[in-house]
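Thanks for coming. I will take a few minutes to walk through one structure, and you can follow along on the screen.

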Amino acid sequence: MDSEALRKYSALHPKPAGLTLQYGTAGFRTKAEQLDHIMFRMGLLAVLRSKAVTATIGIMVTASHNPEEDNGVKLVDPLGEMLHPSWEEYATQLANAEEQELQKVITEICQKAAVNLHKDASVFIGRDTRPSSKKLSQSVIDGVQVLGGQYHDYGLVTTPQLHYMVCCQNTQGQYGKATLEGYYEKLSKAFMELIKQSHCSGESQRHLKIDCANGIGALKLSEMKPYFPQEVLIHIYNDGTKEKLNHLCGADFVKVHQKPPGGLDMKPNERCCSFDGDADRIVYYYKDTAGHFHLIDGDKIATLISIFLKELLAKVKQSFKMAVVQTAYANGNSTRYLQETLKVPVHCVKTGVKHLHHKAQEFDVGVYFEANGHGTVLFSKAAETKIRQLVKEEKDDEKREAAKMLENMIDLINQTVGDAVSDMLVIEAILALKGLTVQQWDALYTDLPNRLLKVQVADRRVIDTTDAERRALTPPGLQEKIDALVKKYKLSRAFVRPSGTEDVVRIYAEADTQENADALAHEVSLAVFHLAGGKGAPPQP
């Protein structure tokens with residue numbers, strides 16, 4: 001390690017005095033002007049991680065659905081998954097080290113993680129469309145170069161595209177070609193093969209309006225348009241030429257406010273969807289003839305995909321284990337529908353993509369989506385091998401046809417991470433193959449009315465939860481109080497959990513009517529305020 005070069009470059013990316021940041025589920029995320037030193041240091045960390053695992057590591061510069069003035073950075077592990085939890089700790093240590101301790105902290109990480117500094121290192125870098133992203137990704141490059149790492153800068157890409165590239169590179173091309181063309185070709189080919197198998201296409205032309213949150217999704221969808229078949233007509237809105245990123249638009253805005261984004265005019269029964277700022281989440285929606293807005297969130301997306309996969313798995317007659325993974329935020333009626341009507345096992349895990357992804361890996365076919373629209377499907381190596389074998393060798397026409405559809409689904413789905421572009425194509429293909437309208441999809445089940453609230457507290461750590469965050473262990477008496485409140489309403493449940501990033505407790509409640517869901521959420525928020533050290537005035541109904 002060239003300590004002179006490290007000192008020189010580190011001084012060019014100084015850490016603001018007194019600033020400490022935590023590497024969380026979304027990596028580091030804050031105001032863009034506070035991130036220069038973080039980017040440089042994550043460049044350093046990516047080189048160390050790459051040397052430790054002898055593989056290419058990804059770095060994505062994005063703050064996803066946050067406002068345009070924020071930015072952030074996430075590291076991507078070798079198979080396109082999120083950074084290993086033990087390294088999240090190293091990221092936090094390195095980010096918060098004072099200038100003069102930097103070399104010492106690097107040496108400590110090398111010892112703890114058995115990093116051989118003489119090994120080669122390779123880093124893939126991508127960024128979103130924020131005004132601050134180009135300069136910040138240059139700081140990443142400085143960090144990579146100081147420790148002698150090789151890098152490939154993909155420039156403007158969606159977050160899932162970078163995850164995809166890293167996985168392709170580290171599987172020696174087995175997962176696909178590590179280029180944007182490779183990504184577009186693989187997805188569009190699988191999509192066209194699937195659409196070809198649709199005997200009753202219903203509508204010959206499929207129109208879809210897409211709100212791209214004024215972000216990277218618009219650029220990449222435009223690049224991908226020439227790869228789509230004629231029948232698919234996508235109309236891009238909020239393409240970033242006029243308005244600010246994520247401002248009054250995008251998947252997060254639509255899901256939280258339960259209303260259509262600005263910049264997109266909806267006619268009754270038109271199929272519309274929204275990506276978030278870095279295109280790793282998607283939600284669908286439409287307006288009915290009476291003008292009512294209907295949101296189709298991650299739970300309903302997971303349900304549609306599960307119905308389709310379950311039918312195909314039944315046709316190939318293999319004993320594959322399939323399951324859906326949800327968090328406590330999943331609507332109670334989606335869980336009921338999956339378990340009781342579809343007879344698919346459902347598992348609940350803690351909030352956060354890494355928990356869902358990890359659990360989904362336990363099955364031959366693991367479907368996971370957060371209600372916010374982030375999700376994908378994972379296929380076990382054994383299931384994938386068997387399906388590809390059936391396509392080649394199966395004599396029975398119906399079985400072979402079903403296996404072929406499954407094979408195309410495997411190729412269309414980005415298994416590394418939730419991917420709005422890939423998920424959109426999966427949904428469009430399923431709707432076409434099943435001849436379903438957006439209204440019929442929505443009518444599979446009716447969401448229970450629900451309400452999300454948050455309460456400011458002095459210290460979020462006073463709340464500790466268990467049972468995948470569905471029950472509170474501390475403070476004493478809180479869970480008993482929630483249980484008593486829930487008993488007052490029909491079809492109701494409620495839970496509280498501390499935020500991962502701020503001193504806030506999040507409350508979720510659902511019940512048979514909106515009025516009851518609102519009342520229950522309010523009563524639970526009062527209980528949290530009084531028992532968990534609420535700040536300021538008590539919550540008002």
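Predicted model: local features only at pLDDT ≥ 70, side-chain atom pairs only at ≥ 80, totals over all residues.

**A walk through the model**

What does Glu270 pair with? Its partner is Lys209, and the two form a salt bridge in which the closest N and O atoms are 2.9 Å apart. Is Lys209 buried or exposed? Lys209 is buried, because its relative accessible area is 8%.

That pair is one of 37 salt bridges in the structure. I will show two others.

The next one joins Arg388 and Glu407, with 3.2 Å between the closest N and O atoms. Arg388 belongs to helix α13, residues 381-393, and Glu407 to helix α14, residues 397-412, so here the parts tied together are 19 residues apart in sequence. With a relative accessible area of 23%, Arg388 is partly exposed. Glu407, at 13%, is buried. Both residues also belong to a network of salt bridges, which links Lys381, Glu384, Arg388, Lys404, Glu407 and Asp411.

Arg400 forms a salt bridge with Asp397, and the closest N and O atoms are 3.0 Å apart. Both lie in helix α14, three residues from each other, which is about one turn of the helix. Arg400 is partly exposed, at 31% relative accessibility. Asp397 reaches 52%, and the cut-off for exposed is over 50%, so Asp397 counts as exposed.

Now to the annotated position. Which residue does UniProt list for "active site"? The record gives Ser64, and the entry is an unreviewed one. In the model, Ser64 lies in the loop that runs between β2, residues 56-61, and β3, residues 70-76. Its relative accessibility is 3%, so Ser64 counts as buried. What does Ser64 touch, once residues up to four places away in sequence are set aside? The contacts are Arg29, Arg130, Asn246, Asp276, Gly277, Asp278 and Asp280.

One of those contacts, Asn246, has a backbone feature to point out. Its phi is near 65°, a positive value in a residue other than glycine. Asn246 is in the loop between β7, residues 232-237, and α9, residues 251-257. Asn246 is buried, at 12% relative accessibility.

Ala279 also has a positive phi, about 65°, and is not a glycine either. You will find Ala279 in the loop between β8, residues 272-275, and β9, residues 282-287. How buried is Ala279? The relative accessible area of Ala279 is 0%, so it is buried.

Another backbone point concerns a proline. The peptide bond from Thr474 to Pro475 is cis, and omega is near -5°. Pro475 is in the loop between β17, residues 471-474, and α17, residues 478-486.

Next, Gly80. This residue is in the loop between β3 and α3, where α3 covers residues 85-96. Gly80 is buried, with a relative accessible area of 1%. How far apart in space are Gly80 and Pro160? From C-alpha to C-alpha the distance is 8.6 Å, and in sequence the two are 80 residues apart. Leaving out neighbours within four places in sequence, Gly80 is in contact with His163, Val166, Cys167 and Thr416.

I will finish with two helices. Helix α1, residues 3-12, and helix α4, residues 102-112, have axes that come within 10 Å and cross at roughly 120°. The two helices are therefore oblique to each other. Which residues make the contact? From α1 they are Ser3, Leu6 and Ser10, and from α4 they are Leu102, Gln103 and Ile106. Sorted by type, the residues of this contact are three nonpolar, three polar and no charged.

Definitions and conventions
Residues numbered from 1 in each chain as written. Heavy atoms only, no water. UniProt positions renumbered as here; feature names shortened; annotations may be inferred. Helix = DSSP H or I, 4+ residues; strand = E, 2+ residues; numbered from the N terminus. Buried < 20%, exposed > 50% of the residue type's maximum accessible area, 1.4 Å probe, protein only. Contact = heavy atoms within 4.5 Å. Axes fitted to C-alpha atoms, helices over the stretch in contact; angles between N-to-C directions. Parallel < 35°, antiparallel > 145°, perpendicular 65-115°, else oblique. Nonpolar A, V, L, I, M, F, W, Y, C, P; charged D, E, K, R; others polar. Salt bridge = Lys/Arg side-chain N within 4 Å of Asp/Glu carboxyl O.
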